[in-house]
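Here are a few exercises to work through with the model open in your viewer. Try each task yourself before reading the solution.

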Amino acid sequence: LKWQTKVKSLEDAQDSQTSLFQKRTAKKGDVEKIVAKLKLSMPNIKVVFDENLKAAGKWSPSTKTITINPYHAGLDTPIHEYGHILIDAIGYNNKVIQAAIKQLKSTPLWAETKERYKELDEENLGKEVLAEAIGREGADIFEKESDKSKFKTYLDYIFDWLKTKLG
C-alpha cells in the first residue's frame with residue numbers, strides 16, 4: 001500500500017496523489033501578478049501553468065520548476081511554492097526554521113496537512129506545513145495575537161535572508 005510508505009520528498013508525494021488528497025485554495029485573485037513579482041526575486045525558477053495538474057501547485061526541485069493549476073490556485077499558491085524554495089535554501093536544520101516548525105506543530109494547520117499527506121516523514125511534513133503557513137502569510141492560522149507576532153518574526157527572518165542572498 002503506497003499510502004503506508006513514508007516518502008523521501010514532497011515532490012514524490014505530490015506525484016502520487018490524486019485531486020482527492022490535494023487542497024484547493026480559498027484565496028482567489030490575480031495569481032499571475034504574484035508570480036511576476038516572485039519571479040523578479042528568483043529569475044532562475046521556471047513557472048508553468050498547467051490546468052491538468054491535480055493540485056493547486058507543485059515545486060519540482062529537480063527541474064527548478066513551479067507548476068500551477070490556474071483553476072485550483074489562489075494567491076497563496078505561488079507564495080507557498082516559493083516558500084519551499086526558501087525553506088530548502090535556508091536549510092531544514094536552521095534554528096529559525098526549526099522554531100517556526102515547532103510552533104506550527106500545535107496548530108490545526110499541522111493536523112490538516114498531516115491528514116492530507118499521510119505518507120510524509122516528519123521532516124517533509126514540517127517543510128510542507130511551514131510552506132503552507134508562508135503561503136497563508138501566517139495571519140490566518142493562529143488565534144492568539146502573540147503567536148501571530150512570533151510567527152511573523154520567523155517569516156521576516158526568512159525574507160530578510162533571501163534579500164541578503166539575492167543582493
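**Exercise 1.** Which residues in α2 meet which residues in α3? Find them, then describe how the two helices pack.

*Solution.* This is a predicted model, so keep that in mind as you go.

Step 1: On the α2 side, pick out Val31, Ile34, Val35, Leu38 and Lys39. Their partners in α3 are Pro78, Ile79 and Tyr82.

Step 2: Turn to geometry. The axes of α2 and α3 lie 8 Å apart, at an angle of about 30 degrees. Angles under 35 degrees count as roughly parallel, and α2 and α3 are therefore roughly parallel to each other.

**Exercise 2.** Identify the residues that touch the most other members of the largest nonpolar core, and the elements that build this core.

*Solution.* Step 1: The core has 35 residues, and Ile66, Tyr82 and Leu130 touch the most other members.

Step 1: At least two core residues come from each of α2, β3, α3, α4, α5, α6 and α7.

Step 2: Now zoom in on Ile66. Beyond its neighbours within four places in sequence, its contacts include Val47, Trp59, Tyr82 and Ile85.

**Exercise 3.** Summarise the protein as a whole.

*Solution.* Step 1: Count 7 helices and 3 strands, which run α-α-β-β-β-α-α-α-α-α from the N terminus.

Step 1: Of the 167 residues, 49% count as buried.

Step 2: For the surface, the protein exposes about 9300 Å², with carbon and sulfur atoms supplying 52% of it.

Conventions: Residues are numbered from 1 along each chain as its sequence is written. This is a predicted model: local features need pLDDT of at least 70, side-chain atom pairs count only at pLDDT 80 or more; totals for chains, interfaces and linings use all residues. Side-chain values use heavy atoms; hydrogens and water are left out. A nonpolar core is a set of buried Ala, Val, Leu, Ile, Met, Phe, Trp, Tyr and Cys residues joined through side-chain atoms within 4.5 Å. Buried means under 20% relative accessible area, exposed over 50%, partly exposed in between (1.4 Å probe, protein chains only). Helices (H or I, at least four residues) and strands (E, at least two) are DSSP runs, numbered from the N terminus. Contact means heavy atoms within 4.5 Å. Accessible areas come from the Shrake-Rupley method with a 1.4 Å probe; for residues, only the protein chains shown count as cover. Axes are lines fitted to C-alpha atoms, for helices over the stretch in contact, and angles run from 0 to 180 degrees between N-to-C directions. Angles under 35 degrees count as roughly parallel, over 145 as roughly antiparallel, 65 to 115 as roughly perpendicular and the rest as oblique.
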